[in-house]
Amino acid sequence: MMSAPLIETTRAIDTKQGRKESVENIHFGSIAVVDRSGKLVASAGDPNFMTFSRSTIKPFQATPFINDHGVDDMKLTEQEIALMCSSHSGESFHLEGVTSLLNKAESTIDDLQCGCHAPYFYAINDQRPPRDSVWNATHNNCSGKHSGFLAWCQLHGAKKENYLDPDHPLQQAIRKNLAIWTDTKEDQFMFGIDGCSAPNYGLPLRALALSYARLADANGGDTAKTLFAAMTNYPDYVSGTGRNDLAFMNMAPKDWVAKIGADGVQLIGIRSQGLGIAVKIADGNQRAVIAASIEVLRQLQLVPNLEDSPLGTWLTPSIKNVRGTITGQARPCFQLTTY
């Protein structure tokens with residue numbers, strides 16, 4: 001199967017005869033909605049499209065630490081667990097949490113191998129960083145995940161200097177656990193390197209959807225319950241101010257768990273419905289994947305009164321130029337096939 005048109009963006013002009021819009025871009029992609037058994041409930045495009053998971057697998061990269069009783073042994077808070085699953089915005093409370101997590105892992109900023117970038121907070125909230133800003137690795141959106149990696153190493157007395165090596169015991173444990181969450185054999189994974197230098201894996205889209213259906217399962221194991229509780233109790237630690245994942249989880253508190261990934265990947269688990277949703281935009285457009293994900297929720301009749309909800313601003317997001325003039329919008333152009 002092929003990717004399908006999911007989102008179109010328009011270019012508009014106001015004339016004496018009214019507003020005229022023309023379609024400028026079409027973003028193709030695929031969608032898979034599954035139940036907890038992995039049965040396909042709805043789809044668009046190719047539900048088996050091989051998709052690099054990117055940051056959506058962060059909860060499962062934390063799984064070995066949770067499984068090995070690291071939370072109790074290191075006395076982690078739910079906020080710190082949420083940060084292990086996060087793509088945080090580098091706000092002050094995120095940095096404080098990462099620092100605490102590093103301290104509990106008996107590690108320092110110098111041990112982090114995620115690299116450094118400006119905090120997401122500024123770009124997402126349309127602000128300029130202060131001129132004298134100095135960033136370090138804790139500002140990286142993946143620093144919570146990497147601090148969790150170091151915590152696992154500390155827990156097991158494993159080497160920290162090569163914790164990103166694919167053959168490191170931690171990375172082997174992550175692959176083993178990911179195979180269980182997704183019902184996919186390790187030799188079927190696509191292998192790659194993520195933006196933060198950690199190993200990353202590509203899987204069929206419906207397998208990724210299954211992992212979030214299981215993450216949201218109230219009758220799942222203790223690890224799933226621990227991860228789900230931390231992420232849904234502290235969604236601001238998973239994402240940050242003005243972020244889409246925060247809006248998704250605030251839309252249905254303690255029922256929806258959501259995680260976006262770079263290059264157009266979005267996963268959502270719906271506890272009350274027993275569903276996992278996975279969306280991939282073929283060209284990696286982030287605006288398109290959020291709009292498409294919201295439309296999936298709308299077509300599944302899970303989001304009444306969207307316009308007045310936390311997701312309202314992403315429903316058909318306006319496209320603005322540098323003066324703030326609205327020049328068009330992004331709008332869905334697909335219909336789910338249900339089974």
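A two-residue hairpin links strand β1 to strand β2. The model is predicted: local features need pLDDT of at least 70, side-chain atom pairs count only at pLDDT 80 or more, and totals for chains, interfaces and linings use all residues. Residues are numbered from 1 along each chain as its sequence is written, and side-chain values use heavy atoms, with hydrogens and water left out.

## Strand pairing

Helices (H or I, at least four residues) and strands (E, at least two) are DSSP runs, numbered from the N terminus. Two strands pair if DSSP finds at least two bridges between them.

| Pair | Residues | Sense | Bridges |
|---|---|---|---|
| β1 and β2 | 4-15 and 18-35 | antiparallel | eleven bridges |
| β2 and β3 | β3: 40-44 | antiparallel | four bridges |
| β2 and β9 | β9: 275-281 | antiparallel | seven bridges |

T9 is partnered by N25 of β2. V33 is bridged to A42 in β3. A32 has A278 of β9 as its partner. In a regular strand the side chains alternate between the two faces of the sheet.

The β2 and β3 hairpin has four residues between its strands. There, G38 adopts a positive phi near 95°.

Which residue between α2 and α3 needs attention? H69 sits in that loop, with α2 spanning 63-67 and α3 spanning 70-74. Its phi is positive, near 65°, and H69 is not a glycine. H69 is exposed, at 53% relative accessibility. Buried means under 20% relative accessible area, exposed over 50%, and partly exposed in between (1.4 Å probe, protein chains only).

D263 is another non-glycine with a positive phi, about 60°. D263 lies in the loop between β7 (256-261) and β8 (265-270). With 42% relative accessibility, D263 is partly exposed.

## Helix packing

Two packed helices are described by the angle between their axes and the distance between the axes. Here, axes are lines fitted to C-alpha atoms, for helices over the stretch in contact, and angles run from 0 to 180 degrees between N-to-C directions. Angles under 35 degrees count as roughly parallel, over 145 as roughly antiparallel, 65 to 115 as roughly perpendicular and the rest as oblique.

Take α8 (residues 169-182) and α9 (residues 205-215). Their axes come within 7 Å and cross at roughly 85°. The two helices are therefore roughly perpendicular. Contact means heavy atoms within 4.5 Å. On the α8 side, I180, W181 and T182 take part; on the α9 side, A207, L210, S211, R214 and L215 do. This set divides into five nonpolar, two polar and one charged. Ala, Val, Leu, Ile, Met, Phe, Trp, Tyr, Cys and Pro count as nonpolar, Asp, Glu, Lys and Arg as charged, and the others, Gly among them, as polar.

How many residues of α9 are buried? Nine of the eleven are, so α9 is largely enclosed by the rest of the structure. Among them are L205, L208, A209, Y212 and A213.

Now α5 (residues 92-104) and α7 (residues 143-156). Their axes come within 9 Å and cross at roughly 10°. Helices α5 and α7 are therefore roughly parallel. V98, L101 and L102 of α5 touch S143, G144, S147, G148 and L150 of α7. The contact residues split into four nonpolar, four polar and no charged.

G221 falls in the loop between α9 and α10 (222-233). G221 is partly exposed, at 42% relative accessibility.

## Cysteines

How many disulfides does the whole structure hold? The search finds zero. A disulfide is a pair of cysteine sulfur atoms within 2.5 Å. For C116, the closest cysteine sulfur belongs to C114, 8.3 Å away, so the gap is too far for a bond. C116 is partly exposed, at 45% relative accessibility. C142 is in no disulfide either; the nearest cysteine sulfur, in C196, is 3.9 Å away. C142 is buried, with a relative accessible area of 5%.
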